[in-house]
Amino acid sequence: MIDLKTPAEIEAMRPAGAFVADVLTALRAKAAVGVNLLELDALAHDMIRRRGAESCYIDYHPSFGARPFGYVLCTSVNDAVLHGLPHDYTLRDGDLLSVDFAASVDGWVADSAISVVVGQAREEDLRLIEATETALAAAIETAVVGNRVGDISARIGAVAASYGYRVNTQFGGHGVGRTMHGDPHVPNDGRSGRGLPLRPGLVVAIEPWFMAGTDEIYTDADGWTLRSKDGSRGAHSEHTIAVTEDGPVVLTARAD
Ligand code: MF3
Ligand code: CO
């Protein structure tokens with residue numbers, strides 16, 4: 001079911017978006033060589049407590065996860081690209097880290113992700129991150145009344161192709177509201193002019209994620225972390241946005 005929000009409901013989602021943005025800003029500042037993934041999770045958990053927010057991940061147990069997630073962040077390092085289960089790992093020079101965070105504030109959810117390199121970055125990793133950020137920006141630009149979900153998907157796929165990356169469509173964007181995952185599904189590739197027409201009040205998370213060498217993934221022995229089949233690195237960028245009469249509103253916009 002597609003749930004369209006009123007302008008007042010979109011306003012009511014802003015605190016959740018701002019909080020998720022603040023947490024990612026804090027995590028970007030904290031992520032560095034020598035920092036443990038569990039410290040990043042603890043920082044986000046502490047911010048959740050202080051804000052009186054609720055984690056969308058900790059008890060989350062969908063069909064694609066082996067057990068309830070148990071942490072408030074996804075931390076995906078290097079060949080891990082999505083759903084990285086935080087574990088006792090200390091970041092090393094040149095690691096590519098993707099952090100995905102969703103929480104609810106006042107009963108409304110926001111979902112957003114960033115990728116960063118800690119220490120000395122490799123050119124190819126910066127290019128991969130740039131591709132996901134460029135795809136996200138293009139997709140958001142396309143999220144206007146009169147377009148369709150397929151237009152968003154096609155833009156993401158076209159940016160990936162222009163960088164020479166192939167797209168895995170097993171996981172993509174989704175409707176966001178009172179819960180983290182709702183309709184519609186927003187695939188990271190598709191055909192323009194197809195799919196659900198975008199109407200004012202549609203709130204979706206758009207989340208391009210690409211891997212440098214393959215479009216195939218496998219699940220780590222931890223039952224959650226998704227890794228590239230060929231060991232190549234992955235990156236992920238995500239925002240929660242609202243389609244409005246005045247154009248797209250990025251609810252999880254950050255200052256950084
Ligand atoms: N936030 C992720 C998404 O963008 C979902 C992560 S599910 C988790 O859809 F349980 F792994 F955290
Ligand atoms: Co999401």
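Ala, Val, Leu, Ile, Met, Phe, Trp, Tyr, Cys and Pro count as nonpolar, Asp, Glu, Lys and Arg as charged, and the others, Gly among them, as polar. The exercises below use a predicted model.

**Exercise 1.** Describe the largest pocket by its volume and by the classes of its lining residues.

Solution.
- Step 1: the space in this largest pocket is about 300 Å³.
- Step 2: 21 residues line the largest pocket, and Phe64, His83, Phe171, His181 and Glu207 are those nearest its centre.
- Step 3: sorted by class, the lining of the largest pocket has nine nonpolar, eight polar and four charged residues.

**Exercise 2.** Find which element gives the most to the lining of the second largest pocket.

Solution.
- Step 1: the second largest pocket holds about 160 Å³ of space, and 13 residues line it, with Pro7, Ile10, Val243, Thr244 and Glu245 nearest the centre.
- Step 2: at least two lining residues come from each of helix H1 (7-30) and strand E13 (239-244).
- Step 3: H1 gives the most, with four residues.
- Step 4: by class, this lining has five nonpolar, three polar and five charged residues.

**Exercise 3.** Work out how helices H3 and H4 are oriented to each other.

Solution.
- Step 1: the axes of H3 (residues 123-142) and H4 (residues 149-163) come within 8 Å and cross at roughly 155 degrees.
- Step 2: angles over 145 degrees count as roughly antiparallel, so H3 is roughly antiparallel to H4.
- Step 3: the crossing of H3 with H4 is right-handed.
- Step 4: among the residues in contact are Ala131 and Ala135 of H3 and Ile152 and Ile156 of H4.
- Step 5: by class, this H3 and H4 contact has eight nonpolar, two polar and five charged residues.

Note on methods
Residues numbered from 1 in each chain as written. Chains lettered and ligands numbered in written order. Predicted model: local features only at pLDDT ≥ 70, side-chain atom pairs only at ≥ 80, totals over all residues. Heavy atoms only, no water. Axes fitted to C-alpha atoms, helices over the stretch in contact; angles between N-to-C directions. Parallel < 35°, antiparallel > 145°, perpendicular 65-115°, else oblique. Left-handed = near helix turned anticlockwise from the far one by under 90°. Contact = heavy atoms within 4.5 Å. 1 Å grid on protein atoms, 1.4 Å probe; cavity = no way out; pocket = protein on both sides within 12 Å on 5 of 7 lines; lining within 4 Å. Points joined across faces, edges and corners; volume = space filled by probe spheres on them.
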